[in-house]
Amino acid sequence: MKKAVGIDIGGTYIKAGLTDENGNVLKKCQFPTMAEKGSREVVLKQIEKGIEFALEGLKEKPAGIGIGTPGVVDNEGTVFEAPNIPGWHNLSLKKVFSEKYNLPVVVENDVNSITWGEFLYGAGKGYNTIICITLGTGVGGGIVKDGKLLRGSKYSALEIGHIPIDYKGPQCKCGNYGCIERFVGRDYIVERAVKAINEGKKTLIYQLVEGKLEEITPKVISQAYKKGDKLATDIWIDVGICLGALFSGLVNLLNPELIVIGGGISQNVEIMFETIEKTIKERAMKILAENIKVVPSGLGVDAGIVSAGALLFQKY
Ligand SMILES: [Zn+2]
């Protein structure tokens, strides 16, 4: 069975592994990205460590090296710009690593890569058109349309975090107003809880952080929700309505069969998934919304590695 090296570059860690054609991770490791050093050479060295770990002891020639990276990546494997990694601009990762290891190298934006991974091996397996989003500090997204990854003229289709849902809404760091990220980004989910507590709302969230409001995270809000807390439940319902409003537009635009939500923040928050689905059914065109499903990521913690390896196995 064919094997590939999968590299998942994050702002904090570089995760690396050896994957196979069925989407299994055969071995894996992680190294700090060291983006704070401000040097592209340092980060490239960390990636090298990951590739060498994955190749070590491998008898046959692998299909190649797949790399998922933040930022805008063109068809030639050049990263134009990655906001979290200084020095990461106009950098041909494909050239650097194909010359060094004499192997095929495919480089893709990290969320596009994960969308492709979900389509091949995860929650999107067996579907034709899916939307995949990752919820975190920012909100990222990717689309597979009729079995092909949709990239757009600047390789950046579905900058979902900056699609506005409220033209009179609060200003976003991108300059626009009412972007979805301004409502469901990590900090803004937390902001809802802090505001309600400051207004005197009683909630388990307050007890879980022992009164230290700065320690509230989406995970804490999920814990409170699991215990039946009213405020926590209301917050996830509101997040679900915001996402549902956004998706009703995307459903009308693209007619997907499935929406996959990854990113760790919300994996066990059933009420959010239910609310998103309900909101889409209420708001999108009936015929398009009828059979839509909204599900959590199917790839789990190794999503980045599996997906990067998947870039080698099937043409997208
Ligand atoms: Zn924005």
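Visitor: Which cysteine sulfur is closest to the sulfur of cysteine 132, and how far away is it?

Guide: The closest one belongs to cysteine 242, and at 20 Å the two sulfurs are too far apart for a bond. Keep in mind that this is a predicted model.

Visitor: Is cysteine 132 buried or exposed?

Guide: Cysteine 132 has 1% relative accessibility, so it counts as buried.

Visitor: OK, on to the metal. Which residues coordinate the zinc ion?

Guide: His162 through ND1, plus Cys172, Cys174 and Cys179, each through SG. The distances run from 2.0 to 2.4 Å.

Visitor: What arrangement do the four donor atoms make?

Guide: Tetrahedral, because the angles they subtend around the zinc ion are 103 to 122 degrees. The cut-off asks for all angles between 85 and 135 degrees.

Visitor: How are the donor residues spaced in sequence?

Guide: The pattern is H-x9-C-x1-C-x4-C.

Visitor: What about accessibility for those cysteines? Start with cysteine 172: buried or exposed?

Guide: Cysteine 172 counts as buried, at 7% relative accessibility. Cysteine 179 is buried too, with a relative accessible area of 0%. Cysteine 174 is partly exposed, at 41%.

Visitor: Lysine 173 sits in that stretch of sequence. Which side chain does lysine 173 meet in a salt bridge?

Guide: That of glutamate 181, with 2.6 Å from N to O. Lysine 173 is exposed, having a relative accessible area of 71%, while glutamate 181 counts as buried at 6% relative accessibility.

Visitor: How many salt bridges does the count come to?

Guide: 17 salt bridges.

Visitor: Give me one inside a helix. What does lysine 230 pair with?

Guide: Lysine 230 forms a salt bridge with aspartate 234, and their closest N and O atoms are 2.6 Å apart. The two are four residues apart in helix α8 (residues 230-254), so about one helical turn separates them. On accessibility, lysine 230 is exposed with a relative accessible area of 59%, and aspartate 234 counts as partly exposed at 35%.

Visitor: And glutamate 282, what's its salt-bridge partner?

Guide: Lysine 278, with the closest N and O atoms 3.4 Å apart. Glutamate 282 and lysine 278 are four residues apart in helix α9 (residues 270-283), which puts about one helical turn between them. Both of these residues are exposed.

Visitor: Which residues do salt bridges with shared partners join into one network?

Guide: Lys45, Glu48 and Lys100.

Visitor: Lysine 100, then. Which ring does the charged end of lysine 100 sit over?

Guide: The ring of tyrosine 101, at 6.0 Å from its centre. Another charge over a ring involves lysine 27: its charged end sits over phenylalanine 53, 4.8 Å from the ring centre.

Visitor: Switching to ring pairs. How many aromatic pairs does a search of the whole structure find?

Guide: Three. One of them joins phenylalanine 97 and tyrosine 101, with ring centres 6.5 Å apart and planes at 20 degrees, so that pair is stacked.

Visitor: Where do phenylalanine 97 and tyrosine 101 lie?

Guide: Both are in helix α2 (residues 93-101), four residues apart, or about one turn of the helix.

Visitor: Is phenylalanine 97 buried or exposed?

Guide: Phenylalanine 97 counts as buried, with 0% relative accessibility. Tyrosine 101 counts as buried as well, at 15%.

Visitor: Let's do some C-alpha distances. How far apart in space are glycine 11 and asparagine 84?

Guide: 5.8 Å, C-alpha to C-alpha, though they are 73 residues apart in sequence. Glycine 11 is in the loop between β1 (3-9) and β2 (13-20), and at 38% relative accessibility it counts as partly exposed.

Key
Residues are numbered from 1 along each chain as its sequence is written. This is a predicted model: local features need pLDDT of at least 70, side-chain atom pairs count only at pLDDT 80 or more; totals for chains, interfaces and linings use all residues. Side-chain values use heavy atoms; hydrogens and water are left out. Donors are N, O and S atoms within 2.8 Å of the metal (3.2 Å for Na, K and Ca); water is not among the atoms, so sites may look incomplete. Four donors count as tetrahedral if all angles lie between 85 and 135 degrees; four count as square planar and six as octahedral if opposite donors are over 155 degrees apart and all others between 65 and 115; anything else is irregular. Buried means under 20% relative accessible area, exposed over 50%, partly exposed in between (1.4 Å probe, protein chains only). Rings of Phe, Tyr and Trp (its six-membered ring) pair if their centres lie within 6.5 Å; planes under 30 degrees apart count as stacked, over 60 as edge-to-face and the rest as tilted. A charge sits over a ring if NZ of Lys or CZ of Arg is within 6 Å of the ring centre and within 35 degrees of the ring normal. A disulfide is a pair of cysteine sulfur atoms within 2.5 Å. A salt bridge is a side-chain nitrogen of Lys or Arg within 4 Å of a carboxyl oxygen of Asp or Glu.
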